[in-house]
Structures are given as structure tokens and as C-alpha cells.
Amino acid sequence: MSSASERRIWMGRLKVTGAALLFVGVFAAALHFLPRLEGGPEILTKAGESMPIQLIDVHTDGNLERDYVLRQLDVPVDANLLSVDLDAMKERLEAIGQVEKAVVSRRFPDALEVSIVERKPIVRILAQRANGETLKLFVDEQGVVFEADRMDPKVARTLPFLDGVALSKEEYGYSRIDDISPLAELLSEAQAIAPHIYNAWRVVSLERSDRLITKGRGAKEVVFDRYADFRSQLGRLDYILDDCRSKQRGEIESVDLTLEDQVPVRFL
């Protein structure tokens, strides 16, 4: 047998031996690490259990204080980031009348993030409980009636009172006020272009289906056409009030803006 043939035979034997040794090594390693691999889920579970909540980050676009929000969330001191019920916390926050929407999410490795959108009231209501206690309620531009004991007093004092509506208690709050959009638009327009007129209003009324009525200083009563352009009506009202002041015509009892060509004005 030639030397070249012998080398090929020996090389073949070495390859077979090497492959066998590699297989034995891999098998031995697998047996060695098998207990650790089997313990993997347990290790992961223990890691999850060791993720305590260190921070609750609260963001709101209104007046709810962080401490008040934390009391409503009621997160246990030893709560785990992975095991807390985010949906339940969201429901607790949205049960607060002042809260329109809440989002609660995890922020790894150790924080909860809470974002709150608060309702923006456009009017307030004075109601009475069954026991005779006075109840202060607020209404947003969607007609949702809600309690808000954390409302900024400065904001609350500037809102006119709402009259001419029927209010009833429901299981999760109060009956919604229908068709409030025209009133919301009137109030928004008045704040934007005639704040001196808006600030004089103490009461706004929905007692008539085709009219909006305001009551306050300057003119005891002003009647707006619910379906006509509010900017135009406010412009005419501003002119009338200014004209009456300059000519000292006395206190105005009522102004009717529902007629396009004429504006009946009555004085006290």
C-alpha cells in the first residue's frame, strides 16, 4: 500500500473519531445543562415577581392632584409591575365624574404611567339631593353632567348656571342633556369675540326649543335664535349695549335677537 493511501485511511479514521468525540461532548453538555434549562420558566417567574413598582407617573390636562389620583388607583405598596390589573385601574379612574378618559400603562422596568383627560365644563347646575343638601354639578360640551369636587374654584365661578333642563339621577351618574351643542357654540363664540358680554351672563336657559336665553348684567334677558349665526347676533347685541350705555337709556330688561331686521329692546 502506498504512503498516500495510508494517509487517506488515517485521515478518514481521524474524522470518524473526531465526529464521535464531538457528539459525546455535545450530549454530555446537554445532560449537564438540562436541569438549568428545565428551571428556566421558574427563573423567569421569579424575575417577574421581583419587579416592584417604584414610580407612578401621573399626567393630567386639568386640576386633579397627583395624590388624589393615587388614592383612587389604590396600588398596594408591594404591587408587582407585571401582575397589576391595568383595566381595573382605568375603570376606577373613569368612574370619577371629572375624568373623561384615562390610560394606564406599564413603563419598564419599574413604573406605571397614568394619563388623564379631564372634562371641560361649559356651565354649572345647582341641584338638590333627596335630603335637601345642595349639589353643585357641571356640564361639558357633550351634555355630560358630572360632579367635580376637584374643580378649580376660579374656573367654576366664571361659569354661568344652566336653567330650563330636567335632570335625573342614573345608576352611574346623571342623565345627559340633549342638544346642548348650540349652547356650547354660543358660549364659545362669546368667550372668543365678546368676553365682556360672556362675563356678564349669570344664567343661560334651554327652556325653549328654538331659543337660547341668557340672563345677567347689562341686559337682564337676551334671546338668541338657536339656529342663526351667533357671531352676527353677538355683534348686534354688542352694538345695542354700547349704544344704550352711551345714550344713558337706562337698564335694559330684554333684547330679542331672533328677528333679522328688527331688534326689540325693552327697558325697565
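Val222 touches Leu212, Ile213, Thr214, Leu237, Val255 and Leu257, leaving out residues up to four places away in sequence, where contact means heavy atoms within 4.5 Å. The residue belongs to strand 12 (residues 219-225); helices (H or I, at least four residues) and strands (E, at least two) are DSSP runs, numbered from the N terminus. With a relative accessibility of 2%, Val222 counts as buried, a word that stands for under 20% relative accessible area, while exposed means over 50% and partly exposed lies in between (1.4 Å probe, protein chains only). One of its contacts, Val255, is 33 residues away in sequence, yet the two C-alpha atoms are 4.8 Å apart in space.

This is a predicted model, in which local features need pLDDT of at least 70 and side-chain atom pairs count only at pLDDT 80 or more, whereas totals for chains, interfaces and linings use all residues. Residues are numbered from 1 along each chain as its sequence is written, and side-chain values use heavy atoms, with hydrogens and water left out.

Taken as a whole, the protein has eight helices and 14 strands, and buried residues make up 34% of its 268 residues. Among contacts between residues at least 6 apart in sequence, 50% join residues at least 24 apart.

The interior can be described through its nonpolar cores, each a set of buried Ala, Val, Leu, Ile, Met, Phe, Trp, Tyr and Cys residues joined through side-chain atoms within 4.5 Å. The largest of them has 41 residues, and those with the most contacts inside it are Leu162, Leu183, Trp201 and Phe224. Helix 8 (residues 230-246) supplies the largest share of this core, namely six residues. Turning back to Leu162, its contacts beyond four places in sequence are Val123, Arg124, Ile125, Val139, Ile177, Leu183, Val204 and Leu206.

Asp140 lies in strand 5 (residues 134-140) and, at 3% relative accessibility, counts as buried. A polar atom of the Asp140 side chain lies 3.0 Å from the backbone nitrogen of Gln142; such a polar contact is a pair of N or O atoms within 3.5 Å, of which, within protein, one must be able to donate a hydrogen and the other to accept it, and residues adjacent in sequence count only if both atoms are side-chain atoms. Apart from neighbours within four places in sequence, Asp140 is in contact with Arg119, Lys120, Pro121, Ile122, Phe146 and Ile180.

Another part of the structure is an open sheet of three strands in the order 1-3-2, with mixed pairing, where two strands pair if DSSP finds at least two bridges between them. Strand 1 (55-60) and strand 2 stand at the edges, each with a single partner strand, so one side of each has no neighbour in the sheet. From one strand to the next the twist averages 15°; axes are lines fitted to C-alpha atoms, for helices over the stretch in contact, and angles run from 0 to 180 degrees between N-to-C directions. Strand 2 and strand 3 run antiparallel and are joined by eight bridges, with Ala102 opposite Ile116 and Val103 opposite Ser115. The two strands form a hairpin with three residues between them; Pro109 sits in this loop, and a cis peptide bond with omega of about 15° joins Phe108 to Pro109.

Two helices accompany this sheet. Helix 3 lies across strand 1 and strand 3, running at about 120° to strand 1, and helix 4 packs on the sheet by touching strand 2 and strand 3, its direction making about 155° with that of strand 2. The buried residues of helix 4 (residues 86-94) are Leu86, Met89 and Leu93. Seen down the helix axis, they fall within an arc of 65°, so they line one face of helix 4; the arc is that of the directions from the helix axis to the C-beta atoms. The face turned away from this buried side carries the exposed residues Asp87 and Glu91. At the N-terminal end, Asp85 caps helix 4 through a side-chain oxygen that lies 3.1 Å from the backbone nitrogen of Asp87.
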